[in-house]
Amino acid sequence: MTDTPMNDRDIDDSLRAPQPTTGDLDLEARSSLRRLTRAATHVTDAEDITEVEYRQLRLERVILLGVWTQGTLAEAEAAMGELAALAETAGSEVLESVLQRRDKPDPGTYIGSGKVAELRDIVKATGADTVIADGELSPGQLVALEDKLDAKVIDRTMLILDIFAQHAKSKEGKAQVSLAQMQYLITRLRGWGHSLSRQAGGRAGSNGGVGLRGPGETKIETDRRRLRQDMARIRKELEGMKTSREIKRARRKAGHLPRIAIAGYTNAGKSSLLNALTGAGVLVEDALFATLDPTTRRAELRDGRTVIMTDTVGFVRHLPTQLVEAFRSTLEEILEADLILHVVDGSDPFPLEQIRTVNTVIGDIAAEQKAEVPPELLVVNKVDLADPATLAEMRHVLDDVVFTSAATGEGIAELETRIELALNAMDAHVSVLIPFDRGDLVSRLHEQATVLDEQYGADGTVLDVRLPRSMARELEEFIVDPELPEPEPA
């Protein structure tokens with residue numbers, strides 16, 4: 001086969017073709033990696049689960065297990081649907097879902113003995129190798145279920161940790177996930193057979209011989225000690241990364257640009273909204289926890305003001321406490337913002353539950369940090385996919401909310417207007433006289449403030465501006481008419 005040379009027209013066409021964004025490349029890489037992982041790790045037989053070391057989860061053919069303790073059946077089914085989405089995000093195939101109605105989970109096996117026998121039959125019939133429980137299992141429940149089912153058993157926390165381990169890209173994100181995994185694992189170390197042998201030498205009955213007499217140390221104790229050492233090392237590394245993050249944050253704060261944090265439930269469309277507002281081109285995927293590393297972009301509003309927007313990690317029902325602690329430095333971006341865009345998935349069957357979950361986590365972090373929660377603008381996204389009845393209920397229940405669709409562009413213009421109004425409420429409205437030899441201040445005001453009017457006088461440039469109050473304090477010597485009346489609408 002001969003190669004056909006490209007002519008000038010072909011070259012021009014190739015240059016005019018749209019270039020892939022960073023998000024497009026990330027999505028392509030993630031999809032190809034997932035296919036490779038599935039092909040390489042597919043198993044059907046029950047695997048040996050008696051290793052003390054942390055195992056890389058190979059979730060291929062799974063059965064979901066839930067206990068319905070409160071709420072309606074629809075809410076319980078929605079919770080199982082979310083667990084199925086988590087399992088699929090981790091790269092597994094969901095075969096069956098088993099849900100039991102109980103007042104509280106069984107302390108021994110999470111579900112009743114009859115349900116365990118039924119579940120064992122389902123595992124054998126389907127050839128599943130993993131059972132995922134929709135809750136956090138105690139070490140005793142985990143061991144009991146694995147023994148009775150002869151299959152690998154993990155809980156919701158282990159599943160979320162595995163997803164985070166797959167999706168973390170930055171050095172800080174990977175370190176945070178490792179710390180969370182170790183915090184979870186250290187209370188669940190267990191061993192069998194030789195793993196419980198004492199680590200001491202010498203002849204039998206001599207207690208180890210010269211220099212080694214005494215009880216010695218079990219394998220589990222050794223593992224715990226090593227984990228504690230690794231956790232201390234990672235915490236030290238994260239402290240160094242936190243210092244770097246705080247320096248960057250201080251620089252952004254010193255720039256007086258309004259900071260907006262995009263927060264909300266996982267897969268609510270936060271990254272899509274960031275792309276729609278800024279054209280950032282970050283990774284967008286219809287999967288839970290697609291974003292773990294915060295993305296910060298500069299954007300220009302329609303009034304000419306420049307703002308900084310940060311896309312943060314999503315929340316989820318029963319977010320593991322280990323992750324909240326490990327990702328604390330990332331979540332602090334929310335509390336440092338001037339405005340929170342709280343994004344809600346309007347297509348979810350129970351969006352109000354999403355709102356309560358996110359507000360609870362943010363409130364807990366603010367209480368620990370003894371900080372105030374910034375003003376919030378509620379954004380209901382994915383209205384193009386939402387049930388009209390659900391939207392009608394939200395319009396009735398919620399106040400001060402914007403309904404958008406990042407996919408179709410519906411409501412984006414209104415959202416930009418609402419952002420401008422929210423930031424205006426935090427700003428000072430003043431008139432400043434800038435000498436002609438301080439053109440740098442005029443340029444800075446055009447970039448970081450909203451210039452409503454500009455006149456040239458004998459002594460300098462007179463600007464009617466709306467600007468952050470911290471910036472107004474810096475320019476106090478140039479202010480000639482503080483807090484002007486609001487300009488008439490055009």
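Helices here are DSSP runs of H or I with at least four residues, numbered from the N terminus. In this predicted model, local features need pLDDT of at least 70 and side-chain atom pairs count only at pLDDT 80 or more, while totals for chains, interfaces and linings use all residues. Residues are numbered from 1 along each chain as its sequence is written, and side-chain values use heavy atoms, with hydrogens and water left out.

Q141 is part of helix α5, which covers residues 139-149, and it counts as buried because its relative accessibility is 9%, where buried means under 20% relative accessible area with a 1.4 Å probe and protein chains only. The side chain of Q141 has a polar atom 2.8 Å from the backbone oxygen of D106, and a polar atom of that side chain also lies 3.0 Å from the backbone nitrogen of S138. Leaving aside residues up to four places away in sequence, Q141 touches D106, P107, G108, T109, Y110 and E136, contact meaning heavy atoms within 4.5 Å.

V177 belongs to helix α7, residues 171-185, and at 3% relative accessibility it is likewise counted as buried. Between V177 and A165 there are 12 residues in sequence, yet their C-alpha atoms are 6.0 Å apart in space.

Further along, the axes of helix α9 (residues 270-278) and helix α14 (residues 412-426) come within 11 Å and cross at roughly 80°, the axes being lines fitted to C-alpha atoms over the stretch in contact, with angles running from 0 to 180 degrees between N-to-C directions. Helix α9 is therefore roughly perpendicular to α14, a term for angles of 65 to 115 degrees. L273, A276 and L277 of α9 meet I412, L415, E416 and I419 of α14.

Note on methods: Helices (H or I, at least four residues) and strands (E, at least two) are DSSP runs, numbered from the N terminus. Angles under 35 degrees count as roughly parallel, over 145 as roughly antiparallel, 65 to 115 as roughly perpendicular and the rest as oblique. Buried means under 20% relative accessible area, exposed over 50%, partly exposed in between (1.4 Å probe, protein chains only). A polar contact is a pair of N or O atoms within 3.5 Å; within protein, one must be able to donate a hydrogen and the other to accept it, and residues adjacent in sequence count only if both atoms are side-chain atoms.
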